[in-house]
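Visitor: Please take a close look at one part of this model. I would like to see how its pieces touch one another.

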Amino acid sequence: MTRPDARDRKIEELQDRLSKLCEASRRINESLDLDAVLQGVLDSARLLTSADYAVINTMDESGVLEAFVVSGMTREMSQQVWEMPEGPKFLEYLSKISGPLRVPDLADLTRSIGMPDWQIPVPASSFLTAPIRHRGVDVGNIHLAKREPGQEFSREDEEILEMFASQVALVVVNVRRHRDEKRARADLETLIDTSPVGVVVFDARTGAPVSLNQEARRIVDGLREPDQSPEQLLEVLTFRREDGREISLQEFSLAQLLSIDETLRAEEIVMKVPDGRSVTTLINSTPIRSEEGEIESVVVTLQDMTPFEEMERLRAEFLAMVSHELRTPLTSIRGSATGLLDAPSNLDPAEIRQFLRIIVDQADNMRDLIRDLLDVARLETGTLPVSPEAVDVAVLVDRARNTFLSGGGRSILEIDLAPDLPLVMADRRRIVQVIGNLLSNASRNSPDSSLIRVAAVRDGVHVAISVADEGRGIPADRLPHLFRKFYRAETEDHGGDTGLGLAICKGIVEAHGGRIWAESEGMGLGARFTFTVPAIEEAPATSPRRSMRPPQAASDGQPVLVVDDDPQTLRYVRNTLSDAGYHPIVTAEPAEALLFVEQNRPHLVLLDLMLPSSDGIELMEAIFDLIDVPVIFISAYGRDHVIARAFEAGAADYIVKPFSPTELVARIRAALRRRDTPHRTEPSKPYVLGDLTINYAERLVTVAGKPVQLTPTEYDLLVELSAHAGRVVPHDRLLDRVWGPGKSRDTRTLRTHLRRLRRKLGEDARAPNYIFAQPRVGYRMPHGELPGAEPDTGH
């Protein structure tokens, strides 16, 4: 071959390689599917370097293996590479290399780094690797290998691999950013769609609605005809504003109205349709402008005022009922007193006693009504007095039974109390009042002489007391409203029901740290009301039951950290904790709260969910990084999804403002009692693996003879894994066993605690000695060592 021919051949090879590089680069940048991109990179790298095998491993932000992709291998070969002994040690060595590494013989490399006997499960001779880095941060590594000896990688191959590594780094970062943005967008869309306030976005140019959330669609559906679209409804709507002006969309197009530069703030507007149906809404409207200043769209929020109007109606009915209930006994008292004064000489003793009995009975009725009114007022201000003490459930039920029967109750009572019930922490008078209200409610809604069953059973750290009747039952749609103030079931005769009894029951029970609910199979099938009160631990068997003492009333001054930006709440909670015998530590600053956690090691933290400079859940996670402690959220946000989010993140409890001092103290005691309740049987013999020793009897963990300070959660994780050494413990089991059934389902919490645990044990997640991850399954620890045996560090 002549020299020009060789040159032309070389040019053709370079052009072909350049063409393949351009094609590979195009495929890398046109997809956000990480696995597909990594597979494409490996296939292209193999093709352009004539490699037989290729592997990419990427790590997430915490250093845990994120992706492991191979090319040129069968499924069996890939599995063997994944499971190869001392693989993490080799990868750790490669991750510390600052640039590409090209060696003619892989065996020479493994010998030089102190791994003379290690071999990969596939035939490989020449080896080429390059780090994947983005702005100095390790993302992973890309590796190439050739099977036959003598086939070495060239300098050009090394440059190609470096180019691929830099492109992969950008792709991985972009994919992660896209994933995070997509997750944030989905969270925001979910938040808006599930908001209790309607949200509508209009196109200002056309007046057409662009999007509506669930609440907005519900309001619209209440006004439109079944075959009418939202756009058609807008054409016939009439709006009546606060100043009395009426605007009809038949006269003005919505696009004209939206083009007016007007921002509405909390204006009450009535929307009407031609057939007379209407809905009153509280509306906010904000125009969104383009860069040129033109109005592009308008965001409208609308809150249905129907529930507030219903509350006002109930309040008016209640005032009318109270006036009637007060006027009736006053009329009887005045009539009886007048009869005694006008003709005292003409009355015999029996008639006089009857008049006096009427006066006493009607005065008692007025006293009960006034007591209920005062209780409601105290519930609203959070000052309902409750004084819990150790008391027998049987005593409470018996006293309520006697009060009910002596008050004229005609129903048959059946008492069914579980044997060996613990004492409960309860205000005797208040809990008797709750049971009495439930008995009166059951009797009022049941036929005369029907059966009412009172039962009590142990329910975890509580005792559940229920009152069941065989009366008219409750429709399912009314169950959620029963405990609202002024709510009365729609029956022919309310029979003296003021609509306050169940609301008072709810306030008293929650002040004790319990909860109350109602159940019914439907109309005519009766109903059952159940509430819980905190149980206290049994005294030693040698002590008589009446000598049982209540749980510790915090007289030892246990420190409790309170974080809230509201000075009134801080003062209120501080005084409540001090009166209960705790040592309150208060602050409004999240950074100061973390400092107090380190300095004071509180036994419990009370945390406001919404702080001005920090999210409460993020602050709780930062606290968990420092200490394992129960966290109770105190917040004015009482919606179910907010409460669920707090519990999923690891909160011990959640209290909705306003709350009474008694409820706060009861919930604190319950949280501390749950924390101190053991829930695991630990092995009897110590666990030993290399330098690690776990002495279960002394709850002592040492590494190379030096004690390791672990939080209770970290210790529980280590015990759970070591107690099942040699087996993979799934994520769900670890969450159940360490955090408790029904608590957090988020594996991020688990990974966070494991990362801290590994750091304290002195091991790297990429080359572990004690705790090994099984991706997407769980974690495991090797079997402990027998005397004189070599450690088991197999993968």
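Guide: Contact here means heavy atoms within 4.5 Å. The model is predicted. Start with glutamine 433. This residue lies in helix α13, residues 428–444. Glutamine 433 is buried, because its relative accessible area is 8% and buried means under 20%. Its side chain makes a polar contact with the side chain of arginine 430, at 2.9 Å. Leave aside the neighbours within four places in sequence. Glutamine 433 is then in contact with Arg371, Asp372, Asp375, Ile504 and Ile508.

Now turn to helix packing. Two packed helices are described by the angle between their axes and the distance between the axes. Take helix α16 (residues 590–600) and helix α17 (residues 616–626). Their axes come within 10 Å and cross at roughly 20°. That makes α16 roughly parallel to α17, since angles under 35 degrees count as roughly parallel. The crossing of α16 past α17 is right-handed. From α16, Pro590, Leu594, Val597 and Glu598 meet Leu619, Ala622, Ile623 and Leu626 of α17. The residues of this contact divide into seven nonpolar, no polar and one charged.

Next come helix α20 (residues 712–723) and helix α22 (residues 747–761). They pack at an angle of about 85°, with axes 10 Å apart. α20 and α22 are therefore roughly perpendicular to each other. On the α20 side, the contact is made by Thr713, Glu714, Leu717, Leu718 and Leu721. α22 brings Leu750, His753, Leu754, Arg756, Leu757, Lys760 and Leu761. The residues of the contact of α20 with α22 divide into seven nonpolar, two polar and three charged.

Notes
Residues numbered from 1 in each chain as written. Predicted model: local features only at pLDDT ≥ 70, side-chain atom pairs only at ≥ 80, totals over all residues. Heavy atoms only, no water. Axes fitted to C-alpha atoms, helices over the stretch in contact; angles between N-to-C directions. Helix = DSSP H or I, 4+ residues; strand = E, 2+ residues; numbered from the N terminus. Parallel < 35°, antiparallel > 145°, perpendicular 65-115°, else oblique. Left-handed = near helix turned anticlockwise from the far one by under 90°. Nonpolar A, V, L, I, M, F, W, Y, C, P; charged D, E, K, R; others polar. Buried < 20%, exposed > 50% of the residue type's maximum accessible area, 1.4 Å probe, protein only. Polar contact = N/O pair within 3.5 Å; in protein donor to acceptor, adjacent residues only side chain to side chain.
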